[in-house]
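Please look through the model below before reading on.

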Amino acid sequence: MKLYYNIRKLYTPRGFSARRGAAMGRIEEIHNAAILIRDDGTIEYAGPAEGKPGGLPRMTEIDCRGLVALPGFVDSHTHAVFAGERSLEFTLRAEGRSYQEIAAMGGGIRSSVEHVRAASVEDIVNYSQPFIERALALGTTTMEIKSGYGLSTDSERKLLEAAKLVGERTAMEVVRTYIGAHAVPKDKSQSEYVTEIIEEQLPALHKKAEFCDVFMDEGYFTREETIRICEKAKSLGMKIKLHADELAETSGARTAAELTAFSADHLLKISEDGIRALAASERTIATLLPITALSLRAPFAQARKMIDAGCAVAIATDCNPGSSMSENMQFVVTLGVIGMQMTPAEALTAATLNGAASLDRAATHGSIERNKVADFVLYDIPRLEYLPYHIAVSDVVSVIKRGEIVSGERL
Ligand code: NIG
Ligand code: FE
């Protein structure tokens, strides 16, 4: 057993499923807290120090020196394994070009595809691992990583293998998502490629990823194609996520709810009907990606409206070389508060427990409470609100994954 004590304040959402609507704002605040961790890295006790069970043999005690503890971030939407940077597109957007115009000029997802196809698995791991290590240092302890820059069975496999390897070579817990339907490769027609996904890629790759995602949007994949791909993925035992209503409203949110997807992501252009569908869904989390909106100079998603309608909202980085070159969940929380009118408490729930729910891990991750995995971060801050308030500067002191300090000060 291991005891982290002298935690001045511990803040956590509570529960083993997503929090929706008003419940997102309910964060527990415990003064002078202690966390007792079993040898398997799960939590035996988290609460006031005086309430911890006594008479425990052979215990390592770690003095947290009055720091503040929050759950590790669950970054539930990233494309964080890739090869090649796309800062030129960033400059083109600064000059006024849109994401779609840049894609039509040969930039966008297809330009990353060229880099990935030319790279080996080791090249991709070597390129991506520093991003994952930085995410860990910034307080993310679980990260979803999508494929989608290969667009062929072999290259999608390379990305899924690279994602697995970065999880093995770092302390980050990686959850893998296959998104062959991220764009149509240059040499194929739309319908040929959808057939290839259904008949070749999914049968070959379904065991390498837990989730299947589709970029359902104007200029990418239609509702009908999305349903065909997702039904096949489900028949192979995969769980579903969707990129939905980002560039245009194409009934993505409703489709995600109908497919009982774990999340509908982006939602910049969601309709009233889409909000109603997500609010009524027991399963589908509304995952919002504010750094992407910022990078694309698009209005932020309407988090306030979605929470008030009763949706379960998660927030994530969307870390990718095109539309969101950031692995910083703290900055996502800041944008949740400043750009999307969430309270700091709602933004914390969105970045932890609801992110975990969107990865089917709310029973084990996303909050600091008995029987969950001991993933938490110690900060040198006076209170929770200081985290979004101290814009783009990290006050992380130590990052704890399964009870072990894996980044920052050893204490
Ligand atoms: O989530 N929207 C689709 N996919 C990514 C962008 C990928 C890229 O531009 O490389 C996203 O923003
Ligand atoms: Fe994405």
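1. Helices (H or I, at least four residues) and strands (E, at least two) are DSSP runs, numbered from the N terminus.

2. On the basis of the model: it is predicted, local features need pLDDT of at least 70, side-chain atom pairs count only at pLDDT 80 or more, and totals for chains, interfaces and linings use all residues. Residues are numbered from 1 along each chain as its sequence is written, chains are lettered from A and ligands numbered from 1 in the order in which they are written, and side-chain values use heavy atoms, with hydrogens and water left out.

3. The chain divides into domain 1 (2–72 + 365–408) and domain 2 (74–358), with bounds from an automatic or database domain assignment. Their centres, taken over C-alpha atoms, are 28 Å apart. Each domain gives 37 residues to the contact (heavy atoms within 4.5 Å).

4. How much area do domain 1 and domain 2 bury between them? The figure is about 2,800 Å², with 66% of it on carbon and sulfur atoms; buried area is the accessible area (1.4 Å probe) that two parts lose on being put together, summed over both. On the domain 1 side, Arg20, Met24 and Pro388 lose the most area to domain 2, together 24% of what that side buries.

5. Between domain 1 and domain 2 the count is 1 salt bridge, that is, a side-chain nitrogen of Lys or Arg within 4 Å of a carboxyl oxygen of Asp or Glu. Lys401 and Glu173 form a salt bridge, with their closest N and O atoms 2.7 Å apart.

6. The structure as a whole holds 28 salt bridges. Among them, Glu44 pairs with Arg38 at 2.9 Å, N to O, and Lys208 with Glu161 at 3.6 Å. The latter pair links distant parts of the chain, 47 residues apart: Lys208 sits in the loop between helix H6 (190–205) and strand S9 (211–216), and Glu161 in helix H5 (residues 153–169).
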